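Subject: Structure handover and notes

Dear colleague,

Please find below the structure that I am handing over, followed by my notes on what was found in it. I would be grateful if you could read the notes with the coordinates open beside them.

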Amino acid sequence: MGNLTIQKGNQYTATLTFAVKSTGLPYDLTGITVYFTAKKKNDNTDDDSLAVITEKITVHTDATNGVTTLELSTTQTNVTLGCYKCDLRLYKEGVLQTNTTTFYADVVPIVTKENS
């Protein structure tokens with residue numbers, strides 16, 4: 001997973017494609033719940049209580065081919081500007097299947113301020 005650039009207070013959408021590490025074949029997301037979490041870099045708590053952004057994905061774009069969509073609302077992205085550590089965890093029936101390595105999300109200001 002590459003790093004993300006999210007504009008503060010704007011809707012954000014990203015297509016995510018998962019593959020089996022050992023084979024490179026698509027990771028079947030049928031019945032899988034994908035959790036996205038963004039935390040401050042110094043947040044080392046054992047839970048997600050201090051996470052700045054969380055999203056739970058249960059409906060996938062193309063489950064059998066490992067494709068899903070991360071959609072964040074304007075409310076979810078209206079966080080303090082900065083760089084946050086992130087990962088994705090995949091669960092099936094409450095059992096951890098896999099998780100990604102840590103990647104980063106930069107929340108940046110919007111440039112154009114015109115609103116009419």
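This is a predicted model: local features need pLDDT of at least 70, side-chain atom pairs count only at pLDDT 80 or more; totals for chains, interfaces and linings use all residues.

Residues are numbered from 1 along each chain as its sequence is written, and side-chain values use heavy atoms, with hydrogens and water left out.

S2 has a covered face made of Tyr12, Ala14 and Leu16, and an uncovered face made of Thr13, Thr15 and Thr17. Leaving aside residues up to four places away in sequence, Thr68 touches Ala14, Thr15, Leu16, Phe18, Leu29, Ile57, Val59, His60 and Thr61, contact meaning heavy atoms within 4.5 Å.

As for the overall layout, the protein chain has zero helices and eight strands, these elements being DSSP runs numbered from the N terminus (helices H or I with at least four residues, strands E with at least two). The C-alpha trace spans about 45 × 35 × 25 Å along its principal axes, and 33% of the 116 residues count as buried. Among contacts between residues at least 6 apart in sequence, 63% join residues at least 24 apart.

Strand S1 (residues 4-7) has Leu4 and Ile6 on its covered face and Thr5 and Gln7 on its uncovered one. S1 pairs with strand S8 (residues 103-108) in the parallel sense over four bridges, and within this pairing Leu4 stands opposite Ala105. Ile6 is buried, with a relative accessible area of 0%, and, not counting residues up to four places away in sequence, it touches Tyr12, Leu72, Thr77, Ala105, Asp106, Val107 and Val108. Ile6 and Ile110 are 104 residues apart in sequence, with their C-alpha atoms 9.3 Å apart in space.

The largest nonpolar core has 25 residues, of which Leu4, Phe18, Phe36 and Leu70 touch the most other members; such a core is a set of buried Ala, Val, Leu, Ile, Met, Phe, Trp, Tyr and Cys residues joined through side-chain atoms within 4.5 Å. The elements that give two or more residues to this core are S1, S2 (12-17), S3 (32-40), S4 (53-57), S5 (67-72), S6 (82-92) and S8. Beyond four places in sequence, Leu70 touches Leu4, Tyr12, Thr13, Ala14, Leu16, Phe36, Glu55 and Ile57.

There are two aromatic pairs, counted where the ring centres of Phe, Tyr and Trp (its six-membered ring) lie within 6.5 Å, with planes under 30 degrees apart taken as stacked, over 60 as edge-to-face and the rest as tilted. One of them joins Tyr35 and Tyr91 edge-to-face, at 5.6 Å centre to centre and 90° between the planes. Tyr35 lies in strand S3 and Tyr91 in strand S6, so this pair ties together parts that are 56 residues apart in sequence. Tyr35 is partly exposed at 32% relative accessibility, and Tyr91 is also partly exposed, at 22%.

The structure holds one salt bridge, that is, a side-chain nitrogen of Lys or Arg within 4 Å of a carboxyl oxygen of Asp or Glu. It is formed by Lys39 and Asp48, whose closest N and O atoms are 3.1 Å apart; Lys39 is buried at 13% relative accessible area, whereas Asp48 is partly exposed at 43%.

Finally, Glu93 has a positive phi of about 50° although it is not a glycine. Glu93 lies in the loop between S6 and strand S7 (95-99) and counts as exposed, at 76% relative accessibility.

With best regards

How values were computed:
Buried means under 20% relative accessible area, exposed over 50%, partly exposed in between (1.4 Å probe, protein chains only). Two strands pair if DSSP finds at least two bridges between them.
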